[in-house]
Amino acid sequence: MADLITVARPYAEALYSVAKEGGQEQAWADALRVLAAMVADAQARAFLNDPERPEAEKVALLCAAPVTMDVKAWESFLALLISNDRWAAAAEIGSLFDEALRHAEGIVDVLVTSAIALDADQKTAVQSALDRRFTGRKVVFHESVDAALIGGLVIHTGDLTIDASVRGQVQQLARTLRS
């Protein structure tokens with residue numbers, strides 16, 4: 001997965017620049033979601049993986065989905081994906097594009113994982129701390145439960161992870177003792 005994200009990042013950044021320049025960020029985001037769904041289909045994947053198929057047919061397949069932005073730019077992007085054999089990274093490109101779009105809108109998605117479900121007061125306290133940490137941005141709070149944490153929280157957003165869990169502290173202690 002990390003390899004696909006590494007491959008996808010320059011495509012997503014370039015597409016976001018093109019979309020922003022044309023004021024069509026949402027149209028590109030929608031088109032990338034459709035593209036991700038198309039390449040997730042088993043028959044489409046088999047077609048795109050077929051070395052006997054000409055690139056033009058593969059591009060034509062992906063161009064079949066209707067888009068609401070500059071069609072020439074979309075077709076050029078798809079031709080580039082096919083010629084560089086990067087079509088498998090479509091979902092990651094879309095995900096990174098959405099992340100850039102949300103960042104530009106001032107939205108921060110935060111996943112808070114705890115050992116047990118947080119009660120209302122705990123959620124409020126965590127939300128307040130996150131609002132202070134990300135001043136001037138809207139924090140969208142997502143919650144998950146992982147009993148393996150034993151206790152505490154793991155907070156994840158983008159490239160930032162804050163591990164304040166018992167499991168994380170035990171792992172850190174073990175690393176310290178080994179060195």
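Visitor: Where is Ile 150 found?

Guide: Ile 150 is in the loop between strand S2 (138–145) and strand S3 (152–157). Strands (E, at least two residues) are DSSP runs numbered from the N terminus, as are helices (H or I, at least four). This is a predicted model, in which local features need pLDDT of at least 70, side-chain atom pairs count only at pLDDT 80 or more, and totals for chains, interfaces and linings use all residues. Residues are numbered from 1 along each chain as its sequence is written, and side-chain values use heavy atoms, with hydrogens and water left out.

Visitor: Why is Ile 150 called exposed?

Guide: Exposed means over 50% relative accessible area, buried under 20%, and partly exposed in between (1.4 Å probe, protein chains only). Ile 150 has 59%, and is therefore exposed.

Visitor: What makes the phi of Ile 150 worth a remark?

Guide: Its phi is positive, about 70°, although Ile 150 is not a glycine. Most residues other than glycine have a negative phi.

Visitor: Why is Asp 85 called exposed?

Guide: Its relative accessible area is 54%, so Asp 85 is exposed. Asp 85 lies in the loop between helix H5 (71–83) and helix H6 (90–104), and its phi, near 55°, is positive too.

Visitor: Which residues is Phe 77 in contact with, leaving aside its neighbours within four places in sequence?

Guide: Contact means heavy atoms within 4.5 Å. On that basis, Phe 77 is in contact with Tyr 11, Leu 15, Trp 28, Leu 32, Leu 35 and Ile 93.
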